[in-house]
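Here is a short report on the fold of one protein chain. Look at the sheet first, then at the helices and the loops.

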Amino acid sequence: MPIIAFEGIDGAGKSTQIRQLSIWLKNRGHDSLVTCEPTHQGYGKRIREANPRLSPLEEREAFVLDRREHVETVILPALRSGKVVLCDRYYYSSMAYQGTRLSSYYGFFDEAAIDGMFEEIRKENEAFAPCADMLIIFDMSVEEALKRISQNRVCVDSFETRENLMQVRASFSRVERLIRATGKTEVVTVDASGDEATVSARLQSIVLDGFGRRGVVL
Ligand code: TYD
């Protein structure tokens with residue numbers, strides 16, 4: 001059974017949509033496992049609770065350690081038992097977030113050097129983590145994301161500024177291009193603007209098409 005990874009900027013409603021998709025799959029007779037990164041296990045907790053934030057190098061390493069454990073103890077067993085794995089962020093986030101952070105840490109500013117950094121992170125992870133069959137990137141304008149964040153949260157944290165969201169969105173376009181070039185993962189961008197039901201319908205048709213191309217009947 002496949003792994004579907006979900007990525008994108010914060011505030012795009014990813015987690016709610018993944019839960020809905022899991023119910024929809026269940027109604028069609030497919031068991032799925034919804035899981036996320038960073039995990040809530042040891043390394044994941046350390047990443048989430050780090051204050052101040054881990055250094056760029058420590059953070060890269062912590063995500064790899066968290067992911068190794070996640071792959072070993074959660075993802076592979078679920079695949080073996082025939083479940084579809086719905087992963088709320090995966091190593092594509094490491095490419096986008098750590099790739100960007102490390103690029104500025106090392107002073108890489110030209111496109112080729114940043115691509116190189118992202119690729120290094122991809123390869124480091126693909127050495128132990130199975131590629132997703134589908135990568136679905138939630139996308140929406142920065143204005144819309146900011147509007148949602150301010151409606152849903154008591155306070156907007158400092159990472160969720162306009163500049164930061166623009167940066168993250170650009171990083172995911174880079175990830176999209178690089179992952180598509182590997183030919184190993186189908187990459188689809190979903191327009192996450194609009195109400196919940198509209199986005200759910202878009203997602204279901206993307207998954208139906210993707211499974212159809214793999215010969216899996218939903
Ligand atoms: P997020 O999905 O927002 O988790 P939650 O909603 O439970 O807080 O993920 C937390 C942050 O972690 C998010 O801003 C992206 C970041 N992240 C990375 O920087 N690298 C990674 O490899 C992953 C998986 C996440």
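Two strands count as paired if DSSP finds at least two bridges between them. The model discussed here is predicted.

**The sheet**

By that criterion, strand E1 (residues 3-8) and strand E3 (residues 84-88) are partners: four bridges join them, in the parallel sense. Within this part of the sheet, Phe 6 sits opposite Asp 88 of E3.

The whole sheet has five strands. It is open, and its order reads E2-E3-E1-E4-E5. The pairing is parallel. Strand E2 (32-36) and strand E5 (186-191) take the edges. Each has a single partner strand, so one side of each is left without a neighbour in the sheet. On average, neighbouring strands of this sheet are turned by 20° against each other, direction ignored.

Asp 88 belongs to strand E3 and Lys 14 to helix H1 (residues 14-27), so the pair ties together parts that are 74 residues apart in sequence. Across the whole structure, a search finds 22 salt bridges.

Two packed helices are described by the angle between their axes and the distance between the axes.

| Helix pair | Axes come within | Crossing angle | Handedness |
|---|---|---|---|
| H3 (residues 56-80) and H4 (residues 91-106) | 10 Å | roughly 165° | left-handed |
| H3 and H5 (residues 111-126) | 11 Å | roughly 30° | right-handed |

Take H3 and H4, whose axes cross at roughly 165°. That angle makes H3 roughly antiparallel to H4. On the H3 side, the contact is made by Pro 56, Leu 57, Glu 59, Arg 60, Phe 63 and Arg 67. H4 contributes Tyr 91, Ser 94, Gln 98, Arg 101, Leu 102, Tyr 105 and Tyr 106. By class, the residues of this contact of H3 with H4 are seven nonpolar, two polar and four charged.

Now H3 and H5, whose axes cross at roughly 30°. Here the angle makes H3 roughly parallel to H5. Arg 60, Val 64 and Arg 67 of H3 meet Met 117, Glu 120, Ile 121, Glu 124 and Asn 125 of H5. The contact of H3 with H5 divides into three nonpolar residues, one polar and four charged.

**Backbone features in the loops**

Where do the cis peptide bonds described here fall? One joins Glu 37 and Pro 38, with omega about -5°. Pro 38 is placed in the loop between E2 and helix H2 (42-49). Another runs from Asn 51 to Pro 52, with omega near 5°. Pro 52 lies in the loop between H2 and H3.

Arg 89 has a positive phi, near 75°, and is a residue other than glycine. Its place is in the loop between E3 and H4.

Key. Residues numbered from 1 in each chain as written. Predicted model: local features only at pLDDT ≥ 70, side-chain atom pairs only at ≥ 80, totals over all residues. Heavy atoms only, no water. Helix = DSSP H or I, 4+ residues; strand = E, 2+ residues; numbered from the N terminus. Axes fitted to C-alpha atoms, helices over the stretch in contact; angles between N-to-C directions. Parallel < 35°, antiparallel > 145°, perpendicular 65-115°, else oblique. Left-handed = near helix turned anticlockwise from the far one by under 90°. Contact = heavy atoms within 4.5 Å. Nonpolar A, V, L, I, M, F, W, Y, C, P; charged D, E, K, R; others polar. Salt bridge = Lys/Arg side-chain N within 4 Å of Asp/Glu carboxyl O.
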